[in-house]
Amino acid sequence: MAQAIEAHDLVKTYGGDVKALNGLSFSVQQGTVFGLLGPNGAGKSTTVKILTTLSRADSGSATVAGFDVASQAEMVRRNIGVVQQGTTVDREATGRENMRLQGQVYGLRGRDLEARISELLDRFALNDAADRIARGYSGGMERRLHVAMALINQPSVLFLDEPTTGLDPEVRADMWTEISRLANDQGLTILLTTHYLEEADNLASQLAIVDRGNVVAEGAPEALKADLRGDAIHVELAHAEGNGHVTGALEELGGIREVAVDGRTLHARADDGARAVPVVLQALESRGIDVASVSVARPSLDDVYLRYTGRTFDKAEAEAEEKTR
Amino acid sequence: MTVTLRHSWYMTVRHLRALGRQPAWIAVTLVQPIIWLLLYGALFKRVVQIPGFQGGSYIEFLTPGVLVMTAFFGAGWGGMPVIDDLNRGVIDRFLISPVHRVALVAGRMVQGSIAVIVQSIIIVVLALITGAHYRNGVGGVVVMIFLAVLLAAATTAWSYGVALYVRKEETLIALMQFLLLPLTFLSGAFMQLNLVPGWIRGIANYNPLNWAVEAGRSAAMKHTDWGFVASRTGFLLALLAAALLFATRAFRSYQRSI
């Protein structure tokens, strides 16, 4: 199978000292949905900007649809569709006018263009709203219009940068359905960035976990989860405790691995979660550590993230938010 | 080339349509030059009595000034919607499409030029009604409007480039406030230059707005000097080329920074 996207050792630094990408590499097989998963500020959007020829990497190389993003930018542009973060539709124009301009820019004209517009408006259930000014569109409609616009040139690679950020939960579910439908399109490759674990789990057949400008894990969501042996144990502590105090209590126990404390939450892994719970509780109690609640779960992508980055996803998000403040 | 022209036209249509949907914008655009012509005409009416003034009636003297000033102001603010497009990611969307960067700037220039032509015609007709006499007929008037369009196109491109560099509305507003009025008054738009202090006359020689005003006045009104008109047209064309180069460079700098 041919590779639709190949990124090799991408490095990008902003303003001399902020390193957005730090040697990021991954490849995407043709016809698959590939997820770039990571918290805000991990480097996902920078990666998309470089792959879609908007920005340039300081070093490293990448090809999209078989063309080099730096030296064959023009060819890359003709073969991709991009739905940028937020939405970039022209709010002063109608849906149809937005579509028309987007098509004209790619050299479509006349009856071919109008037919393509009708087909896409129909497909994304925008027929009724097509001749209304986009300013009046709901968030979900605007996003659907944007996806329709990105498909007007029949791209072979579609980029969706945070396609459901800022949408209501039910609208997000609709969007997931749309994306799944797109994934069934013959030969269309989709690169999706997201900071929602469920989204990556739901939509991507392959994914790369991005952290601080690097890919820290790559594979199918199921395989990544299967790599984690055993069950995840999450213990909610009654009070925040010293890190060493808590981990010390558990490390002596057999069968408990990857102990990590994050504020008042304790994460650990055990071959048999149900059997490990009483043992863990007893060990904590013997050290005088009060427990508020405990749960056992099959490994989730959150656990995968924790395993490869040493932090929970929520914590990484919070850190990223702090940085941008 | 033809593709770039076609893309420029698509962009022009986008801008014209957006403005066409704002009745308030249309109303102000049409009324503004009338107010300026009548206001300045009344304010400076006595200027013609200053010994040494050779302009004939003041309305005749003022018409090219108001016409060029209107074009210059409209174009100077041309960067504002660019910042809006930047913030909404519309520019990014076009930058990763096959559109040539020049077409993005040209779309704004052509849209601005169309506004300038409409406003100019209003001014020319109103001045005619209030007593201006165009010595060289329609030809002279067309040259005068053409010069205003050249200045507006160049100014739009500069404003576009500055918008790409500063990316903040406040900064662009401050910069334009700083430039627009002083450049208007450091010219022969409202006052004959042989009646102003020497230093203003000195600066006016290098002021593109003054090139358009003086050459436009010469072409349409008295004392026509076609050599002078041709040289100032050349200056403005050079300015336009430089402004386009500046705007395309600004795109490169913008893309490097994101």
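**Exercise 1.** How many bridges join strand β11 (residues 231–237) of chain A to β13(A), and how do the two strands run?

Solution. The model is predicted: local features need pLDDT of at least 70, side-chain atom pairs count only at pLDDT 80 or more, and totals for chains, interfaces and linings use all residues. Residues are numbered from 1 along each chain as its sequence is written, chains are lettered from A and ligands numbered from 1 in the order written, and side-chain values use heavy atoms, without hydrogens and water.

Step 1. β11(A) and β13(A) are joined by six bridges and run antiparallel; strands are DSSP runs of E with at least two residues, numbered from the N terminus, and they pair if DSSP finds at least two bridges.
Step 2. A:D231 has A:A270 as its bridge partner in β13(A).

**Exercise 2.** Determine whether strand β13 of chain A is buried or exposed.

Solution.
Step 1. Buried means under 20% relative accessible area, exposed over 50%, and partly exposed in between (1.4 Å probe, protein chains only).
Step 2. In β13 (residues 265–270) of chain A, six of the six residues are buried, so the strand is largely enclosed by the rest of the structure.
Step 3. In a regular strand the side chains alternate between the two faces of the sheet. From β13(A), A:T265, A:H267 and A:R269 point one way, while A:L266, A:A268 and A:A270 point the other way.

**Exercise 3.** Find the strand that forms a hairpin with β13(A).

Solution.
Step 1. The hairpin is made by β12(A) and β13(A), with two residues between the strands.
Step 2. Five antiparallel bridges join β12 (residues 256–262) of chain A to β13(A), and A:R257 stands opposite A:R269.
Step 3. In this hairpin A:G263 takes a positive phi near 65°.

How values were computed: Helices (H or I, at least four residues) and strands (E, at least two) are DSSP runs, numbered from the N terminus.
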